[in-house]
Amino acid sequence: MGCRVRAAKSDLLRVVAGVDQQGRKAVLPDAGATAPGRGAYVHPTPECVDNAIRRRALNRALRAGEALDTQALTDRLPLIHSP
Ligand SMILES: [Zn+2]
């Protein structure tokens, strides 16, 4: 979704709209793909997430009316990406 490269869902990270620890509306990783609601899929790389954010693709895909904070997601990418 971030870069339009097709990939198996198992290679992608599901993200959902939620609330971060500071109470801001945020894009949150859903590594188990179990969170309810509308999700979007990105490659779990900073490049792909950056792309999706810059193109506002995440906001659109998650039907977020306002800007979603992405810090919580990008902060956790290194953890998710590592084996
Ligand atoms: Zn990608």
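OK, let's start with helix H1, where the buried residues are Cys48, Val49 and Ala52. Those three span an arc of only 95° around the axis, so they sit on the same side of H1. The arc, by the way, uses the directions from the helix axis to the C-beta atoms. Buried is 20 or more other C-beta atoms within 10 Å of a residue's own, exposed is 12 or fewer, and partly exposed is in between, with C-beta atoms placed from the backbone.

Quick housekeeping. This is a predicted model, where local features need pLDDT of at least 70, side-chain atom pairs count only at pLDDT 80 or more, and totals for chains, interfaces and linings use all residues. Residue numbers run from 1 along each chain as its sequence is written.

Let me stay with Val49, which lies in helix H1. What makes Val49 count as buried? It has 24 other C-beta atoms within 10 Å, and that is why. Here's another thing to find on your screen: Val49 and Leu13 are 36 residues apart in sequence, and their C-alpha atoms are 9.9 Å apart in space.

Now zoom out. The protein has three helices and three strands, and along the sequence the pattern reads β-β-β-α-α-α. Helices (H or I, at least four residues) and strands (E, at least two) are DSSP runs, numbered from the N terminus. Seen along the principal axes, the C-alpha atoms fill a box of roughly 30 × 25 × 25 Å. Of the 83 residues, 23% count as buried.

On to the sheet. Which order do the strands take? It is S2-S1-S3, an open sheet of three strands with antiparallel pairing. S2 and S3 are at the edges with a single partner strand each, so one side of each has no neighbour in the sheet. Pairing takes at least two DSSP bridges between two strands. How many bridges join S1 to S2? Five, and the two strands run antiparallel. In that pair, Ala17 stands opposite Val27 in S2. S1 and S3 also pair in the antiparallel sense, over four bridges, and there Arg14 stands opposite Tyr41 in S3.

Strand S3 has two faces to look at. Ala40 and Val42 make up its covered face, while Gly39 and Tyr41 are on the uncovered one.

Take Val15 as an example. Leaving aside residues up to four places away in sequence, Val15 touches, among others, Val27, Leu28, Ala40, Val42, Leu58 and Leu73. Touching here is contact: C-beta atoms, placed from the backbone, within 7 Å.

Terms used. Two residues are in contact if their C-beta atoms, placed from the backbone, lie within 7 Å.
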